[in-house]
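Colleague: I would like to go through a model with you, one feature at a time. Please give the general idea where there is one, then the case at hand.

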Amino acid sequence: MTEQKTPVVGSDAAAPGSFGVGVDKIRKRPDFLRAARALRQGTTGFHLQANPRGDDAGPTRVGFTCSKKVGNAVARNRAKRRLREVARRVLPEKGRPGWDYVLIGRAEVTASHDFEQMCRDLEWALGRVHAQA
């Protein structure tokens with residue numbers, strides 16, 4: 001007989017694949033394209049695109065992109081994992097409701113750049129983008 005586990009309600013731990021309270025994933029191509037036409041800010045480890053959707057009550061959304069310029073599949077997946085973790089740490093506090101953010105990996109940098117510096121870079125880039133809006 002197997003024991004069934006019930007989910008813990010009100011737990012502070014985020015579900016696997018989630019980005020914290022009030023942060024969702026961007027899944028549709030048109031949303032990525034709208035962000036590409038909106039505000040941009042580059043950093044050493046990645047490139048940030050931001051799009052205010054206009055629904056201030058809506059959740060903050062985030063998407064990730066790494067082209068083949070970043071490297072082979074292993075390098076691209078490593079870069080995306082690092083970008084996801086940076087977003088998971090920074091966006092719940094610094095992201096704005098009703099905004100879409102896309103983090104784009106940079107060739108040969110995202111997968112090996114200092115992680116704490118990437119977190120600081122995202123905070124800085126968000127400040128610059130929000131000042132432009």
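Colleague: In which loop is His-113 found?

Modeller: This is a predicted model. His-113 sits in the loop between E5 and H3.

Colleague: Is His-113 buried or exposed?

Modeller: Buried means under 20% relative accessible area. His-113 has 18% relative accessibility, so it counts as buried.

Colleague: Which residues is His-113 in contact with, leaving aside its neighbours within four places in sequence?

Modeller: His-113 is in contact with Thr-44, Gly-45, Arg-82, Met-118 and Asp-121.

Colleague: What span should helix H3 have, and how far apart are its end C-alpha atoms?

Modeller: H3 covers residues 115–132, and its 18 residues at 1.5 Å a residue should span 26 Å. The end C-alpha atoms are 26 Å apart, so the two values agree.

Colleague: Which residue caps the N-terminal end of H3?

Modeller: Asp-114 does, with a side-chain oxygen 3.1 Å from the backbone nitrogen of Gln-117.

Colleague: How many disulfides does the count come to?

Modeller: A disulfide is a covalent bond between the sulfur atoms of two cysteines. Here the count comes to 0 disulfides. Cys-66 is buried, with a relative accessible area of 13%, and Cys-119 counts as buried at 7%.

Colleague: Where does Gly-71 lie?

Modeller: Gly-71 is in the loop between strand E4 (60–65) and H2. With a relative accessible area of 23%, Gly-71 is partly exposed. Gly-71 and Ala-107 are 36 residues apart in sequence, while their C-alpha atoms are 6.8 Å apart in space.

Colleague: Where is confidence lowest, and where highest, by strand?

Modeller: The mean pLDDT of the protein is 84, and 84% of its residues reach 70 or more. Confidence is lowest in strand E1 (residues 23–25), at a mean of 86, and highest in strand E5 (residues 99–105), at 94.

Conventions. Residues are numbered from 1 along each chain as its sequence is written. This is a predicted model: local features need pLDDT of at least 70, side-chain atom pairs count only at pLDDT 80 or more; totals for chains, interfaces and linings use all residues. Side-chain values use heavy atoms; hydrogens and water are left out. pLDDT is the predictor's confidence in each residue, from 0 to 100. Helices (H or I, at least four residues) and strands (E, at least two) are DSSP runs, numbered from the N terminus. The expected span of a helix is 1.5 Å times one less than its number of residues. A polar contact is a pair of N or O atoms within 3.5 Å; within protein, one must be able to donate a hydrogen and the other to accept it, and residues adjacent in sequence count only if both atoms are side-chain atoms. Buried means under 20% relative accessible area, exposed over 50%, partly exposed in between (1.4 Å probe, protein chains only). A disulfide is a pair of cysteine sulfur atoms within 2.5 Å. Contact means heavy atoms within 4.5 Å.
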